[in-house]
Every structure is written in C-alpha cells, then in structure tokens.
Amino acid sequence: PQILADLESRKSILRARELFLVGLEGRGRSEWDAAIALLQPDEMRQAAILAHSWGWHSRAIAAAARTGNYDDLDLRYPLPWSDKFEQHSRSARVRPSWAYGVARSESLFMRDVRSHAGAIGLMQLMPETGRETAQEVNLPFSGVATLTNPDSNIRLGTTYLAKMYEKFSDSHVLATAAYNAGPFAVQRWLPGTGEIDARIWIENIPYNETRKYVRRVLTTDAIFHWRLSGDTRRITANLSAIRPLDDGPVASAK
C-alpha cells in the first residue's frame, strides 16, 4: 500500500493519468512509459495494479509482463467493454473469447492506436475494410471517429472475423490468419490437395508476424474462455485439419 500511495502522488504519474482520462491517450502513454521506466520490480508491480484500477489496460498488461507476472490473469487478460464484446460477438456468431483474443493481440485494448499499415482501433481495422463492413451491417461510417469508438469498432471487427470464419470453412486457424494477413495470402498458403495438420500449417506460415499472431490469438482465446466461463477449453479444440477451399477469394482486409 505504501508503494502504491507513493506512485499515485508522483506528478509524472498524475499527468499520465489525467491525459488518459481526458482522452489524450497517446500522450498519456508516452508520459506513463517515461515515468515508470526506472521503477524497481516491486514498484512496477504496483504500477500495473494502479493502471488496471483506472481501466488503462494496455499499461497494466505491459507493466505486469515486465515484472514476469505472467500468471496474473486479472491484470494481463482483462475484460473491458464486456457488454459490447458479448453483444456483438453473439450477433456475429463468433465466440466472445475469440474476439477478445483478437482485440488483445491487435491493440492491447488501445481504442485509439493506429498501426504502421494504417489499421485503427481496438480490433485494428483498415479504413476501407471498416467502410465496407459498415455498409454490410447498415452502420453509419465516419472514418477514424467510427473506428476509434469501441462500440462500433467491436461490432465491425467481430462482423469481419465472422466473415473470415465463414469464408474459410469454419476454421479458427485460417480465419485468424486471414484477419491478420488478409484472405488472399491465406489462400496462397493452403494445400492444393489433401489436408495438413493445423499445427504443422501454423509453423509453416511464411509471414513471421502472422505465424506469431495465430499462436498468440489461439492461446489468448483459451485464456479468455476460462476468464469468461470458468471452464477449460483446450487449444487443440480449434486445430481442425487444414484443407483446400472450393470457392474463390474475398476482398482483403489488410
């Protein structure tokens, strides 16, 4: 408690918190990261708890990881916007745990973050993908404002994830890879005939980023399933064999 009280009174931490709370999250992250850079491990653990108490989950996750507290699932696998993830996942007919896994892997729950490629928001959608998906679900689309809004971003992201799931014959592995690399790339990686063990297929994904991404999402899906339900779901439950597709490609997401 004394360490926590000391951290809460530091001007740099106060500045970071206020920037976050008024929506200047990018500037707040810079202030926070500079403020905690030289903390001792016991202070860093309390910093993670502090950020979590504010709902600043990206900073809590990062601070907890830096101290090696990998088993603190409350800090590292939080459940923000749970009503929206539940509502939109059910509407799209995808598991909320999977949607949570994608969002955590894409953005660490930073609603305002933008990737180098231009993807935006919690579930990291490219503007054109967001626009096309919004038209499909009759959602008014205002560009960045829509994609940085958690409600609309989750709705669009879960809808697009479901589209990839249907496209790739209800394969969680292929749909996850397509969400990251785009469906055209995934189609190129499919076997011409026969089938491949999903574990072997994952290990042979040519893109390093996508290979790591698929592993990470499958892992986080299992963890979020436990967080949401209290039940254990083995990762192998999502590892159906990889087979060729019969239909043609769809528009690329990224």
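pLDDT is the predictor's confidence in each residue, on a scale from 0 to 100. You are looking at a predicted model, so colour the protein chain by pLDDT to start: the average is 94, and 97% of the residues score at least 70.

**Stop 1: a stretch to treat with care.** Select residues 247-254. Here pLDDT stays under 50, although the model still gives this stretch 29 contacts beyond four places in sequence. Where pLDDT is low, the predicted coordinates should not be read in detail.

**Stop 2: α4 and α5.** Next, show helix α4 (residues 41-54) together with helix α5 (residues 57-66). Their axes come within 8 Å and cross at roughly 160°. Angles over 145 degrees count as roughly antiparallel, and α4 is therefore roughly antiparallel to α5. Turn the view and you can follow α4 as it passes α5 in a left-handed crossing. Now bring up the side chains: M44, A48, A51 and H52 of α4 meet H57, R59, A60, A63, A64 and R66 of α5. By type, the residues of this contact of α4 with α5 are 6 nonpolar, 2 polar and 2 charged.

**Stop 3: S82.** Move along to helix α7 (residues 82-92), where you will find S82. Is S82 buried or partly exposed? With a relative accessible area of 41%, S82 is partly exposed. Draw a distance from the C-alpha atom of S82 to that of P96: the two are separated by 8.8 Å and lie 14 residues apart along the chain.

**Stop 4: α9 and α11.** Select helix α9 (residues 127-136) and helix α11 (residues 150-167). The two pack at an angle of about 85°, with their axes 10 Å apart. α9 and α11 are therefore roughly perpendicular to each other. On the α9 side, look for T129, G130, T133, A134 and E136; they meet L156, T159, Y160 and K163 of α11. The residues of this contact of α9 with α11 comprise 3 nonpolar, 4 polar and 2 charged.

**Stop 5: α12.** How many of the residues of α12 are buried? The count is 10 of the 10, so α12 is largely enclosed by the rest of the structure. Among the buried residues are H172, L174, Y179 and N180. To see what surrounds them, show α8 (96-107), α11, α13 (183-189), α14 (198-203) and α15 (208-229), against which the buried residues of α12 pack. Finish by stepping just past α12 to G182, which takes a positive phi of about 95°.

Definitions and conventions: Residues are numbered from 1 along each chain as its sequence is written. This is a predicted model: local features need pLDDT of at least 70, side-chain atom pairs count only at pLDDT 80 or more; totals for chains, interfaces and linings use all residues. Side-chain values use heavy atoms; hydrogens and water are left out. Contact means heavy atoms within 4.5 Å. Axes are lines fitted to C-alpha atoms, for helices over the stretch in contact, and angles run from 0 to 180 degrees between N-to-C directions. Helices (H or I, at least four residues) and strands (E, at least two) are DSSP runs, numbered from the N terminus. Angles under 35 degrees count as roughly parallel, over 145 as roughly antiparallel, 65 to 115 as roughly perpendicular and the rest as oblique. Ala, Val, Leu, Ile, Met, Phe, Trp, Tyr, Cys and Pro count as nonpolar, Asp, Glu, Lys and Arg as charged, and the others, Gly among them, as polar. Buried means under 20% relative accessible area, exposed over 50%, partly exposed in between (1.4 Å probe, protein chains only). A crossing is left-handed if the near helix is turned anticlockwise from the far one by less than a right angle, and right-handed if clockwise.
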